[in-house]
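This report describes selected features of one protein chain. The reader is asked to keep the sequence and the structure in view while reading.

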Amino acid sequence: MIINEIIENDKAHYMNIFGPRTPLCFTHGAGAKLYAQDGQEYIDFLAGIAVNCLGYGDEGLANAIASQAQKLIHCSNLFYNQPQIELATRLFELSGGYKVFFCNSGAEANEGAIKLARKYFYNQGKPKYQIISAQNSFHGRTLATVAATGQEKYQAPYAPLPGGFKNVPYNSVEAIENAICANTAAVLLETIQGEGGVIEADPDYLAAVKRLCEKNDVLLIFDEVQTGCCRTGKVFSFEHFGIQPDIFTLAKGLGGGVPIGATLALPHVADAFSPGDHGSTFGGNPLACAAANYVLSTITKPESLQDINDKSEYFKTALMHLKSKYKAVVDVRGKGLLLGLELSGDINGKELAKTACGKGFIINCAGHNTLRFAPPFVITKKEIDALISVLEILIKEASENGSN
Ligand SMILES: *Cc1c(COP(=O)(O)O)cnc(C)c1O
């Protein structure tokens with residue numbers, strides 16, 4: 001099929017929730033490069049939105065998936081399967097003692113976290129159900145996670161949403177303090193708001209929220225769907241802050257592209273779930289778990305984390321250099337290989353991302369007119385240099401047009 005035919009069939013047969021998409025159809029990739037149907041090469045600074053951490057065509061990952069597929073793709077959770085328990089054990093060790101439940105996506109992982117928090121207090125006979133989350137957050141597309149996602153545009157069409165959610169301004173201790181009441185079960189936060197435009201939590205804010213949670217018998221949940229799995233240069237981003245959540249969630253990078261999500265909790269919280277309380281048909285299937293075992297065994301090696309941090313510093317320095325040179329760059333944010341460059345209102349970030357795509361670079365514009373970079377960890381410094389040169393040209397051009 002040629003691209004025009006694909007676009008027509010998409011329009012006729014696929015629900016119109018993504019369209020019009022970028023008119024590109026990728027067929028394969030290698031390292032951090034993607035190839036479209038017409039043979040054009042693109043350097044990928046998005047990684048399927050922080051998913052493809054090992055990049056494309058990784059032989060080890062492909063072999064892990066293929067060899068598991070030859071043995072056993074799925075088996076019901078009425079039985080044990082070895083890749084699942086191996087992955088649970090690996091995550092327990094990496095996290096310093098959290099027990100896990102596996103599902104298939106980030107939204108599902110957050111659903112599990114919300115249910116677990118409520119069940120924890122239900123078991124104690126306490127009427128604590130309210131979940132406080134932040135404005136400008138993103139927690140998924142299911143009804144409950146849309147209720148938790150503090151963005152009006154995602155919520156309005158689906159009213160009435162499940163009750164018991166409250167969205168408050170991010171990075172405001174006072175807002176959390178005022179929102180916590182006798183019915184509050186949990187505070188749910190991203191340590192860096194990825195979709196919201198790579199907005200970092202203030203370390204003092206997280207520390208204060210942690211203290212407020214402890215004081216008020218409220219659980220702290222971190223949504224690490226985007227920030228987890230080494231994306232920020234530590235295995236889990238909460239390690240940057242020295243704060244242990246009671247519950248946290250993973251998905252995106254965990255399977256290197258194979259769908260898998262996880263809800264993790266400290267054992268005394270995790271044990272609030274009893275047989276039958278929660279479940280998943282596909283969650284924890286041997287195929288996805290074999291992929292995740294391979295991914296984690298690779299990306300959590302000290303030399304791999306070191307490499308992520310080296311590239312992060314290199315990348316961030318180059319972005320800061322752009323900021324020092326161009327007024328149109330108002331901020332550079334992020335950690336590890338989740339970086340954001342905020343543009344002033346004079347420049348349309350979405351248009352700039354589109355132009356970059358035409359020049360062979362996949363970037364994306366998230367909230368607050370912020371270009372978001374979440375490349376595969378296999379990105380090279382040379383590829384970063386290439387992006388920076390193009391960004392510089394585009395920002396310069398856009399600045400000049402803007403001042404006309
Ligand atoms: C992407 C994302 C989700 C939703 O994940 P899905 O797999 O699309 O359900 C939830 N939380 C955060 C922080 C995310 O970035």
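## Helix H3 and its buried face

In this predicted model, the buried residues of helix H3 are Leu61, Ala64 and Gln68. Viewed down the axis of H3, these buried residues fall within an arc of 60 degrees, so they line one face of the helix. The cover over the buried residues of H3 includes helix H4 (82-95) and helix H11 (286-299). On the face of H3 that is turned away from the buried side, the exposed residues are Glu59 and Gln70.

The length of H3 can also be examined. Helix H3 runs over residues 59-71 and has 13 residues, which at 1.5 Å a residue should span 18 Å. The C-alpha atoms at its ends are 18 Å apart, in agreement with that expectation.

## Helix H9 and what follows it

Helix H9 comprises residues 203-215, a total of 13 residues. From its first C-alpha to its last, H9 reaches 18 Å, close to the 18 Å expected at 1.5 Å a residue.

Which residues of H9 are buried? They are Tyr205, Leu206, Ala208, Val209, Lys210, Leu212 and Cys213. Among the elements that cover the buried residues of H9 are helix H8 (173-179), strand S7 (184-189) and strand S10 (219-223). After H9 comes Asp217, which has a positive phi near 55 degrees.

## The start of the chain

Met1 belongs to the segment before H1. Is Met1 buried or exposed? A residue counts as exposed when its relative accessible area is over 50%. Met1 has a relative accessibility of 60% and therefore counts as exposed.

Leaving aside residues up to four places away in sequence, Met1 touches Ile6, Asn9 and Gln37. Gln37 is 36 residues from Met1 along the chain, yet the C-alpha atoms of the two are separated by 9.2 Å.

## A nonpolar patch on the surface

Tyr14, Met15, Ile17 and Phe18 make a nonpolar surface patch of about 500 Å². One of these residues, Met15, lies in the loop between helix H1 (3-13) and strand S1 (26-30). Met15 has a relative accessible area of 68%, so it is exposed.

Val198 is not a glycine, although its phi is positive, at about 50 degrees. Its position is in the loop between strand S8 (192-193) and strand S9 (199-200). Cys230 is likewise a residue other than glycine with a positive phi, here near 75 degrees. Cys230 is found in the loop between S10 and strand S11 (247-250).

Are these two residues buried or exposed? Buried means a relative accessible area under 20%. Val198 has a relative accessible area of 0% and is therefore buried. Cys230 is buried because its relative accessible area is 0%.

## A cis peptide bond

Where is there a cis peptide bond? Such a bond joins Ala159 and Pro160, with omega at about -5 degrees. Pro160 is located in the loop between helix H7 (152-155) and strand S6 (165-168).

Key. Residues numbered from 1 in each chain as written. Predicted model: local features only at pLDDT ≥ 70, side-chain atom pairs only at ≥ 80, totals over all residues. Heavy atoms only, no water. Patch = residues over 30% accessible without salt bridge, like charges linked within 9 Å, V, L, I, M, F, W, Y side chains within 5 Å. Areas by Shrake-Rupley, 256 points an atom, 1.4 Å probe, with all protein chains shown as cover. Salt bridge = Lys/Arg side-chain N within 4 Å of Asp/Glu carboxyl O. Helix = DSSP H or I, 4+ residues; strand = E, 2+ residues; numbered from the N terminus. Buried < 20%, exposed > 50% of the residue type's maximum accessible area, 1.4 Å probe, protein only. Expected span 1.5 Å × (residues − 1). Arc of directions from axis to C-beta. Contact = heavy atoms within 4.5 Å.
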